[in-house]
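Here are my notes on this model, point by point. Please read them with the coordinates open.

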Amino acid sequence: MEGLMQEEQLYQCSQGGKRFSMHTNLVRHKRTHTGEKRFECPCLDCGKRFSQNSNLVVHQRTHTGEKPYECLHCGKRFRENSSLVVHERTHTGIKPFKCLDCGKSFNRNSRLVIHRRIHTGEKPYECPECGKGFTCYSSLFSHQRTHTGDKPYECPDCGKDFSWKGDMVKHRSTHIEEKSYKCRDCGKCFGQNFYLVKHQRIHMEEKTHKCVDCGKNFRWNYQL
């Protein structure tokens, strides 16, 4: 009975109130409050420090390239087991994180957090140039290109630069050899219907009715 009581003995954090069954776990947890980082990366050019040795072990794989966790579905490898677990949801379709407001589900908690800002209206990421707010950092990062003029996406076919990937992908369709949208008037082909419609305006403005006597062109037959 006394042994059972010792096993059930809990060690409580004086700052957060969290309880642990082992004293070593409590000691490890306290470092999250003190900020103590005892474990340093031995790589000369790095020197990054961590509060737990397990975090250091994972970090060192960025230097060694080691990826011990392999997906049984596609063979892709990961440095952390947690990353493998999240990745496998792309195969299984499991989405354990559900929005209580609209019922939409997500495979990552971080995506749920960002999604919920649609309901709360929270926009924690503000542009320092114009003050516009965004629900996630990636949206802010993309927006800032409107101020900097940065164009990181280059078309591999012609070298033209674009600020957004979507614009580059749309542009690349003009280079695609197989162009399925064909103009009935002149036979010219296009990769997207958008460009075909734009092109056909040229024919709409053409004067296609020609006088056989003088060669003059007219847009409408009644004018001829």
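1. His-143 first. This is a predicted model, and in it His-143 is buried, at 13% relative accessibility. The cut-off for that label is under 20%. The residue sits in helix 6, which covers residues 137-143.

2. The surroundings of His-143 deserve a look. Setting aside residues up to four places away in sequence, His-143 touches Cys-127, Cys-130, Lys-132 and Phe-134. A polar contact also joins the side chains of His-143 and His-147, at 3.2 Å.

3. Next, the aromatic rings. How many aromatic pairs does a search of the whole structure find? There are two. In one of them, Tyr-125 and Tyr-137 have ring centres 6.1 Å apart and planes at 70°. That angle is over 60 degrees, so the pair counts as edge-to-face. It links distant parts of the chain: Tyr-125 belongs to strand 9 (residues 125-126) and Tyr-137 to helix 6, 12 residues apart.

4. The other pair is Tyr-137 with Phe-141. Its centre-to-centre distance is 6.1 Å, and the planes make an angle of 35°, which is tilted. Both residues lie in helix 6, and because they are four residues apart, about one helical turn separates them. In general, an α-helix has 3.6 residues a turn, so residues three or four places apart point the same way.

5. Taken together, the ring pairs link Tyr-125, Tyr-137 and Phe-141 into a cluster. Are its members buried or partly exposed? Tyr-125 is partly exposed, with a relative accessible area of 29%. Tyr-137 is partly exposed at 47%. Phe-141 is partly exposed at 42%.

6. Helix 3 spans residues 53-64 and has 12 residues. From its first C-alpha to its last it reaches 17 Å, close to the 16 Å expected at 1.5 Å a residue. Just after the helix, Gly-65 takes a positive phi of about 80°.

7. Which residues of helix 3 are buried? They are Leu-56, His-59 and Arg-61. What do these buried residues pack against? Their partners are strand 3 (39-40), strand 4 (49-50) and strand 5 (69-70). I would show helix 3 and these three strands in one view.

8. Lys-104 is placed in the loop between strand 7 (97-98) and strand 8 (105-106). Its relative accessible area is 48%, so Lys-104 is partly exposed; the label exposed would need over 50%. Leaving aside neighbours within four places in sequence, Lys-104 is in contact with Phe-97, Lys-98, Cys-99 and His-115. Lys-104 and His-115 are 11 residues apart along the chain, and their C-alpha atoms are separated by 9.0 Å.

9. Last, confidence. The protein averages a pLDDT of 80, and 86% of the residues score at least 70.

Methods
Residues numbered from 1 in each chain as written. Heavy atoms only, no water. Helix = DSSP H or I, 4+ residues; strand = E, 2+ residues; numbered from the N terminus. Buried < 20%, exposed > 50% of the residue type's maximum accessible area, 1.4 Å probe, protein only. Contact = heavy atoms within 4.5 Å. pLDDT = per-residue confidence, 0-100. Polar contact = N/O pair within 3.5 Å; in protein donor to acceptor, adjacent residues only side chain to side chain. Expected span 1.5 Å × (residues − 1). Phe/Tyr/Trp six-rings, centres within 6.5 Å; stacked < 30°, edge-to-face > 60°.
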